[in-house]
Structure formats: C-alpha cells, structure tokens
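Student: I have a model open and want to learn to read its features. Where do we begin?

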Amino acid sequence: MAAYLIRRFIRQAETSDLEEAIELRAALELYPPGHPGRPRSLRHLALCLPDRYESQGVVNDLEEVVTLRRAGLELCPRGHPDHAASLHNLACDLRKRFTEEAAISDLEESIELLRPALELRPPGHDDRFSTLHELALCLSIRYDKLGRVGDFEEAIMRGRAALDLRPPGHASRDKPLHHLACDLRKRFVKQAAIRDLEEAIELHCAASELRPSGHLDRSSTLHELALCLSKRYAKLGGVDDLNEAIKLGRAAPELHPPGYANRSESLHDLACDLRRRFVEQAATSDLQEAIELLCPALELRLRG
C-alpha cells in the first residue's frame with residue numbers, strides 16, 4: 001500500500017499520499033531483522049522521509065532517514081547489487097544533515113562513502129553522473145569549511161567529469177554547469193587566474209539559458225553571474241561588466257522574495273556594485289539605491 005501511495009505522490013504531488021505512506025511504517029515492524037522483506041520496506045520508508053524533509057523542512061525526518069539509510073547499507077554489503085546505491089544515498093543524506101547541523105563528521109563520512117560508490121559506478125554506468133556530481137559538491141563544501149586546496153582542485157576535476165556526462169541538450173545540464181562555474185569563481189578569488197573567471201562567466205551564461213524565467217534555480221545563477229561580472233570589472237575595469245552585473249543583480253532579488261535564505265546576500269552584493277558605479281560615474285541615484293538596499297540587508301543579517 002505504501003509503495004502505491006509513493007508512486008501516486010511522485011505523479012500527483014499530493015502531500016496526503018506522502019503522509020499516509022509514512023504512517024504505514026508499521027509494516028517495517030512486521031519485517032524484523034533477517035526477514036527477506038525488510039530491505040524493501042526500509043527503502044520505501046527512506047524514500048518518503050527525504051521528500052517530506054525537502055517539502056516541509058522537518059529535521060527529525062532527516063535524522064530518521066540517516067538511521068534508515070545506515071540500516072539499509074548493512075543489509076546491502078559489498079557485492080550486493082544495491083551496495084553502490086546504498087552508499088550514495090546515505091552520503092547524500094549525510095551531506096544534507098551537514099547543511100542543517102554543520103557537523104564536519106557528516107561531510108567527512110559522506111566523502112568517504114562516495115569514493116567507493118564511484119568505483120562501483122565506472123565509466124558507462126547509468127548512475128555515474130549522480131555520484132560524480134555529489135562528490136564534487138561535497139569536496140567544494142569541505143573546501144569552504146576547511147580550506148583544503150586539494151579538495152578544491154579535485155572538486156573542479158570531478159565537476160568537469162560530471163559535466164562531460166551531461167552534454168549540450170541534456171535536460172539536467174544546468175546543474176553541473178552552475179556548480180562548476182561556482183568553483184571556478186572561487187578558485188579565481190584564491191589564485192587570481194583570469195581564465196577561471198572567464199570560464200565561470202561562460203558556464204553561468206550557458207546555465208542561465210537552461211534556467212529561463214520561472215525556473216526555481218534561476219535566481220542563484222543570476223546572482224553568481226552578477227558576482228563574476230563584478231569581479232571581472234574589479235580586475236579589468238570594463239564598465240559594461242559593472243552595468244551588466246547591476247542589471248542581473250536587480251533581477252536576482254526579485255526572484256528572492258522576503259524570507260528567502262539568500263536574499264540578504266543578493267541585496268548586499270547589488271548595493272556594493274551600485275556604490276562602485278557611483279564612484280565611477282558620481283550618479284547620486286546609485287548611492288541612494290545602495291543605501292536603501294543595505295538597510296533591509298542589515299536587518300536580515302541581524303535576524304539571522
């Protein structure tokens with residue numbers, strides 16, 4: 001019954017189906033450890049809870065799903081056909097828990113799980129992209145947290161390999177484009193190699209075409225592209241880059257409504273670019289707008 005409800009939820013996105021499927025976790029109690037039906041029941045419950053976490057943000061669901069993923073991995077040891085999937089799924093949920101709780105041990109474990117999962121998904125494997133992409137993401141996050149240059153270089157290498165598996169025309173190409181561009185922009189900040197910034201801009205432009213108006217992730221790409229153009233202006237002094245950065249920066253907050261987690265960052269960066277243009281052109285309207293943006297940005301950061 002739970003399996004049918006999950007399928008209908010995937011098709012129709014009715015939250016009531018998801019809630020009912022989770023309530024049917026009693027089926028798991030009828031499959032004690034060692035019962036041949038226990039792995040399937042674990043998988044179904046582990047499918048439901050992440051969906052509810054994504055839609056409702058219930059942290060307890062994430063805690064429970066990590067516990068379920070660990071139990072599922074124990075039932076799928078090395079040599080089991082689902083071992084790679086079990087490694088990958090647990091790694092993804094540990095990375096999500098790191099995002100919530102910032103326990104570096106979760107991120108470290110996630111990376112340790114993804115490496116053997118990648119070995120079990122060699123070139124040509126249908127799921128190799130998802131593990132490559134997840135590993136690149138985790139390494140990039142660990143670089144942000146700990147500053148290990150080796151993590152950063154590997155994240156870019158893995159990101160390029162993931163992008164190769166999503167050639168032009170692929171429906172999911174925007175994600176590896178965006179994340180690789182973000183890592184290249186970060187490397188430019190660290191090493192000041194203009195070629196990294198140029199490539200990041202090219203990749204973000206391509207990602208923005210794949211994230212048209214109405215796309216859920218369009219705002220993040222617009223914001224990153226504006227940031228890259230602003231940095232190229234600071235490096236090379238092209239006023240056109242600054243004007244384009246401001247244009248994109250104005251569009252990003254419109255897609256970040258009040259209450260959005262990154263709204264303060266978008267407001268702050270746009271204000272900085274307007275102040276830079278005021279220094280360049282002495283238009284008082286730019287300075288006034290910058291002040292008007294910084295006030296709500298400050299309020300959001302004080303609340304945070």
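**Reading burial, rings and helix packing**

Tutor: Tyrosine 143 counts as buried, at 11% relative accessibility. Keep in mind that this is a predicted model.

Student: How many aromatic pairs are there?

Tutor: The count comes to one aromatic pair. Its partners are tyrosine 143 and phenylalanine 152. Their ring centres are 4.1 Å apart, with 20 degrees between the planes. Planes under 30 degrees apart count as stacked, so this pair is stacked.

Student: Is phenylalanine 152 buried or exposed?

Tutor: Buried, because its relative accessible area is 2% and the cut-off is under 20%.

Student: Next, helices. How do I read a packed pair?

Tutor: Two packed helices are described by the angle between their axes and the distance between the axes. Here, take α7 (residues 104–119) and α8 (residues 128–146). They pack at about 150 degrees, with axes 9 Å apart. That angle makes α7 roughly antiparallel to α8, since the cut-off is over 145. The crossing of α7 past α8 is left-handed.

Student: Which residues make the contact?

Tutor: On α7 they include Ile104, Leu107, Ile111 and Leu114. On α8, among them are Leu132, Leu135, Cys138 and Arg142. By class, this α7–α8 contact has 12 nonpolar, two polar and six charged residues.

Terms used: Residues numbered from 1 in each chain as written. Predicted model: local features only at pLDDT ≥ 70, side-chain atom pairs only at ≥ 80, totals over all residues. Heavy atoms only, no water. Axes fitted to C-alpha atoms, helices over the stretch in contact; angles between N-to-C directions. Helix = DSSP H or I, 4+ residues; strand = E, 2+ residues; numbered from the N terminus. Parallel < 35°, antiparallel > 145°, perpendicular 65-115°, else oblique. Left-handed = near helix turned anticlockwise from the far one by under 90°. Contact = heavy atoms within 4.5 Å. Nonpolar A, V, L, I, M, F, W, Y, C, P; charged D, E, K, R; others polar. Phe/Tyr/Trp six-rings, centres within 6.5 Å; stacked < 30°, edge-to-face > 60°. Buried < 20%, exposed > 50% of the residue type's maximum accessible area, 1.4 Å probe, protein only.
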